[in-house]
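Colleague: I would like to learn how to read charge pairs, helices and confidence in a model like this one. Please start with the general idea each time, then turn to the case at hand.

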Amino acid sequence: MSASHILLLISGYFVLLLVISYFTGKNDSNEDFFKAGKQSPWYLVAFGMVGASLSGVTFISVPGWVDASQFSYMQVVLGYFLGYLVTAFILLPIYYKQNVTSIYQYLDDRFGFVSYKVGAVSFFISRVLGAAFRLFLVAIVLQQFVFDAWNVPFEITVTLSILLIWVYTFRGGIKTIVWTDTLQTLFMLVSVILSIYFILEKLDWTFVEFLGSTELEHYSKTFFTDDFFSKNHLLKSFLGGMFITICMTGLDQDMMQKNLTCRNLGEAQKNMVSFSVVLVIVTFIFMLLGALLFIYADVHQIALPLMDGSPKSDLLFPEIALNSGLGLTVAVTFMLGLIAAAYSSADSALTSLTTSFCVDFLNTEKKSQQVAKKIRRKTHIGMSLLLILVVISFKYILDRNVIDGLLTVASYTYGPLLGLFSFGIFTKYKVYDKYVWVVALVCVVSILTLAKIPSEFLGGYEFGYELLPLNGLLTFIGLWIIRKKPVTEANIKDIA
């Protein structure tokens with residue numbers, strides 16, 4: 001498939017998104033942009049969230065990670081499932097009860113202004129980095145297989161990618177995204193299923209024969225329980241996955257903004273539970289695809305593609321889909337799946353960043369509708385420019401598999417959110433609000449320092465994704481230290 005054909009395919013795809021954007025963005029109101037008028041059908045939200053959660057990171061990076069980690073990522077995914085249940089039955093009722101636009105408004109009500117801003121800043125940093133990881137992944141694929149052929153610089157590729165997202169989200173916001181995510185999830189799932197089908201056909205295997213093959217056994221070890229000190233031990237991965245989901249979904253404005261567009265709490269909970277079941281199944285299919293890709297590469301002696309002179313496992317799937325003779329159908333569906341997977345998370349990230357910045361930092365809910373709309377549009381442009389700069393910087397500083405990098409960053413940036421919300425939900429204490437930022441900063445620095453300690457100084461122990469709950473625990477302890485004595489009837493009588 002030539003670079004020109006890929007570009008034509010991308011153009012056609014975005015024309016389709018623009019048509020959807022035209023019909024969903026007619027009102028161009030802040031209410032639709034931020035909450036979709038609270039009229040989204042729960043089943044559409046659930047299906048669309050599958051694509052947004054998987055994103056280009058899962059579409060490319062998870063299959064590319066199988067050779068190095070086998071199926072150990074499923075340990076994390078099973079933890080995700082429990083985290084989604086916590087989100088559905090503990091966090092969603094709080095958000096619906098308070099009728100928030102930004103979920104961090106809960107922290108303002110519970111603790112005060114500084115806690116609110118610490119939560120909003122934590123999300124802002126987390127989502128900028130998370131969205132940049134996802135956009136970086138699709139940008140390097142487009143660069144490698146399309147724009148390098150025309151000597152277009154990587155910086156231009158990134159700018160064009162984000163510009164396209166801005167064009168179809170700047171009017172409808174989350175109302176547009178609920179519908180485009182549904183379409184994009186469908187493209188992504190069709191792509192991975194067809195890829196598996198045609199690769200199996202090329203290898204002269206049935207799906208059942210593949211599942212029973214000795215070749216699959218080399219990649220399919222799922223549960224690692226031998227060495228607790230190892231980074232991928234079952235318990236550490238499971239707990240890390242659970243807390244990653246609680247933070248990256250339940251405490252994340254991006255994912256919760258979609259849930260808050262449902263008509264009521266019951267529909268939002270149905271959305272979350274059904275989505276979590278589907279997500280576990282779909283992720284397992286991606287792991288199978290990853291094993292199949294490496295088996296196919298071994299049979300046909302396909303080397304890992306190089307990026308800046310170094311092998312890049314994230315590029316194996318596109319290399320096989322586009323350049324190994326699997327046919328036009330696989331190439332077309334791969335590109336549609338890649339674009340859909342990448343942009344289904346990136347567009348909602350851009351919208352949620354705009355929402356959070358407008359509500360949490362610029363207080364647009366307290367301004368007139370006309371002024372608030374102008375602020376929202378300018379902020380949307382500003383967030384787009386910020387993402388461009390961060391994605392471009394990743395080309396020069398990122399030295400690991402993207403999915404691993406994404407989850408590692410989450411361990412640092414979501415910790416304060418986990419501690420703040422846990423303390424707010426499970427205790428009745430107020431805190432000395434002006435010191436909350438100090439607690440958050442000390443905890444993040446402590447976790448960063450802990451992660452840098454060589455394993456030989458810890459008896460061979462390697463930190464994994466358990467750094468996230470540890471970060472949250474440290475924040476919880478810090479908030480306990482700065483807590484206020486709760487006001488009771490006895491206290492009031494003493495004061496009187």
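Modeller: A salt bridge is counted when a side-chain nitrogen of Lys or Arg lies within 4 Å of a carboxyl oxygen of Asp or Glu. Side chains of opposite charge can pair when their charged atoms come close. The model here is predicted. In it, the side chains of Glu466 and Lys236 form such a bridge, at 3.8 Å from N to O. Glu466 sits in the loop between α19 and α20, while Lys236 belongs to helix α11, and the two are 230 residues apart.

Colleague: Are Glu466 and Lys236 buried or exposed?

Modeller: Both Glu466 and Lys236 are buried.

Colleague: How many salt bridges does a search of the whole structure find?

Modeller: The search finds 3. One of them joins Asp226 to Lys221 at 3.7 Å, N to O. Asp226 counts as exposed because its relative accessible area is 70%, whereas Lys221, at 35%, is partly exposed. Another joins Arg263 to Glu267 at 3.8 Å, N to O. Here Arg263 is partly exposed at 42%, and Glu267 is buried at 16%, since buried means under 20%.

Colleague: Which residues does Ile425 contact, leaving aside its neighbours within four places in sequence?

Modeller: Ile425, in helix α18, touches Ile90, Leu91, Ile94 and Tyr106. Ile425 and Ile90 are 335 residues apart along the chain, yet their C-alpha atoms are separated by 8.8 Å. Ile425 is partly exposed, at 24% relative accessible area.

Colleague: Where is confidence lowest, and where highest?

Modeller: Where pLDDT is low, the predicted coordinates should not be read in detail. Mean confidence is lowest in helix α21, at 44, and highest in helix α20, at 93. Over residues 490-496 the pLDDT is below 50, and beyond near neighbours in sequence this stretch has 3 contacts in the model. The protein as a whole averages 81, with 87% of the residues scoring at least 70.

Definitions and conventions
Residues numbered from 1 in each chain as written. Predicted model: local features only at pLDDT ≥ 70, side-chain atom pairs only at ≥ 80, totals over all residues. Heavy atoms only, no water. Helix = DSSP H or I, 4+ residues; strand = E, 2+ residues; numbered from the N terminus. Buried < 20%, exposed > 50% of the residue type's maximum accessible area, 1.4 Å probe, protein only. Contact = heavy atoms within 4.5 Å. pLDDT = per-residue confidence, 0-100.
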